[in-house]
There are 2 protein chains.
Amino acid sequence: MSKDTAKATPSIPDIVIGRLPVYLRELRRLASEGDKLTTSSQELARRLGISSAQIRKDLSHFGEFGKQGTGYHITFLIEQLTKILHLQNEWPVALVGAGFLGHALANYNGFKDRGFRVSWVFDSDPEKIGKEVNGLVVQTVDDLEQIIRQHNIQMAIIVVPTNVAQDITDRLVNAGIKSILSYAPIHLNVPDDVRISYSDPVIQLQQMTYYLTI
Amino acid sequence: MSKDTAKATPSIPDIVIGRLPVYLRELRRLASEGDKLTTSSQELARRLGISSAQIRKDLSHFGEFGKQGTGYHITFLIEQLTKILHLQNEWPVALVGAGFLGHALANYNGFKDRGFRVSWVFDSDPEKIGKEVNGLVVQTVDDLEQIIRQHNIQMAIIVVPTNVAQDITDRLVNAGIKSILSYAPIHLNVPDDVRISYSDPVIQLQQMTYYLTI
């Protein structure tokens with residue numbers, strides 16, 4: 001299946017798209033284990049805690065990847081999911097905020113080979129600007145728009161204090177950013193053509209305490 | 001509504017429970033802005049990008065919090081959601097892994113006043129054990145089970161390499177941990193009575209690249 005076909009099927013639910021990276025991650029683990037060439041929806045189901053019917057249904061949105069009896073060819077399915085998710089090339093990512101978490105993300109080696117590279121790090125703190133973080137010189141946030149436009153960057157990660165998060169978001173969007181991953185603990189407003197995803201450990205922990213007995 | 005009433009309604013969908021912390025976070029922001037005593041499902045909807053009908057329906061699972069015409073009393077609703085989510089007291093959290101991200105989480109000031117305190121930090125690296133991270137002495141992971149049992153800790157955050165994540169998870173579960181937030185980029189197997197939540201920036205970024213034009 002080609003990227004163009006994926007584009008021609010805009011009706012695929014976000015929740016299906018949301019599971020594809022999880023399948024891709026597990027397929028790459030299977031490939032790295034290296035002891036076989038094929039897998040099945042049953043094996044993926046067992047490894048991911050998702051039903052095999054769900055996995056087959058999700059993948060069927062994009063074509064016929066598996067064969068009855070032989071299952072999915074691991075390398076082929078990895079290639080296809082990589083194309084569908086537009087991960088053939090590395091996406092440059094602008095990281096805004098060079099605090100503790102910004103440092104952790106700039107140093108995160110999990111981006112490598114999975115489609116992303118933190119290419120620019122910004123901060124507003126004169127103490128941080130000009131210093132290096134994992135080989136990248138921290139840029140002043142004053143140059144945010146110029147650098148993003150010049151390098152045609154479409155993705156950004158926000159690791160800034162809550163009170164400036166919306167302002168930084170607005171500036172990123174104005175500069176052409178289309179996808180934002182925000183670690184600021186606040187809902188951010190973006191136009192319809194911009195996607196935003198949140199990571200807040202407190203929200204995740206609070207989603208579990210309901211089920212705990214004190 | 002009391003905690004006991006919440007316990008008597010086990011049929012509330014996880015997805016509803018999952019939104020309550022987002023409501024609570026926004027209500028606390030409203031309270032901190034301090035310019036009014038009440039809010040409405042319409043105002044929350046506008047601030048959160050969730051429909052007002054959804055918000056009313058979600059909250060109605062737990063009782064009648066709002067009044068027609070006057071809306072929700074902010075402080076009262078914060079108190080009720082705090083009780084429903086079992087956040088009246090701080091939960092001690094065991095943090096396993098004192099690398100870059102472990103440091104960032106140990107230093108994260110967003111836990112404070114939101115129901116959690118990182119109480120213990122563990123690592124297996126002799127270079128890290130015994131050093132302080134945000135006032136906490138890094139413990140050897142050899143003492144993981146003993147400390148968790150002794151202090152009756154129910155929540156843990158995992159920030160360890162992929163290849164040891166399942167082993168650490170098994171040990172945490174054996175020691176009595178019931179809720180895990182994992183930053184390891186791998187699906188982890190836990191028993192039915194243990195909840196696990198994942199945070200993987202690559203998965204979140206890959207969920208957005210599908211929608212990007214190269």
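**Stop 1: helix 3 of chain A**

Select helix 3 of chain A: its buried residues pack against helix 2, strand 1, helix 4 and strand 3 of chain A. Contact here means heavy atoms within 4.5 Å. This is a predicted model, where local features need pLDDT of at least 70, side-chain atom pairs count only at pLDDT 80 or more, and totals for chains, interfaces and linings use all residues. Residues are numbered from 1 along each chain as its sequence is written, chains are lettered from A and ligands numbered from 1 in the order in which they are written, and side-chain values use heavy atoms, with hydrogens and water left out.

Helices (H or I, at least four residues) and strands (E, at least two) are DSSP runs, numbered from the N terminus. Buried means under 20% relative accessible area (1.4 Å probe, protein chains only).

Which residues of helix 3 of chain A are buried? Pick Ser41(A), Glu43(A), Leu44(A), Ala45(A), Arg47(A) and Leu48(A). That is six of the eight residues, so helix 3 of chain A is largely enclosed by the rest of the structure. Now step just past the helix, to Gly49(A): its phi is positive, about 65°.

**Stop 2: helix 4 of chain A**

Move to residues 52–60 of chain A, which form helix 4. Colour Ser52(A), Ile55(A), Asp58(A) and Leu59(A): they are buried. Look down the axis of helix 4 of chain A: these buried residues fall within an arc of 125°, so they line one face of the helix. The arc is that of the directions from the helix axis to the C-beta atoms. Their packing partners are helix 2 (14–33), helix 3 (41–48), strand 3 (71–73) and helix 5 (74–84) of chain A.

**Stop 3: the nonpolar cores**

Stay on Leu59(A). Leaving out residues up to four places away in sequence, Leu59(A) touches Leu20(A), Tyr23(A), Phe65(A), Tyr72(A), Leu77(A) and Leu81(A). A nonpolar core is a set of buried Ala, Val, Leu, Ile, Met, Phe, Trp, Tyr and Cys residues joined through side-chain atoms within 4.5 Å. The largest has 52 residues, and Leu59(A) is among those with the most contacts inside it, as are Phe62(A) and Phe116(A). Helix 2 of chain A gives the most to this core: eight residues. Another core, of 49 residues, lies apart from it and includes Tyr210(A) and Leu48(B).

**Stop 4: the three-stranded sheet**

Show the open sheet with order 1-3-2 in chain A; its pairing is antiparallel. Two strands pair if DSSP finds at least two bridges between them. At the edges are strand 1 (38–39) and strand 2 (66–67) of chain A, each pairing on one side only. Select Thr38(A) and find its bridge partner, His73(A), in strand 3 of chain A.

**Stop 5: the seven-stranded sheet**

Next, show the open sheet of chain A in the order 6-7-5-4-8-9-10, with mixed pairing. Strand 6 (132–133) and strand 10 (195–198) of chain A are its edge strands.

**Stop 6**

Finish with the pair. A rotation of 180° with 0.0 Å of shift along its axis superposes chain A on chain B (RMSD 0.0 Å). The two copies are thus related as by a two-fold rotation axis. Copies are superposed by least squares on the C-alpha atoms of residues with pLDDT of at least 70 in both.

Technical notes:
Buried < 20%, exposed > 50% of the residue type's maximum accessible area, 1.4 Å probe, protein only.
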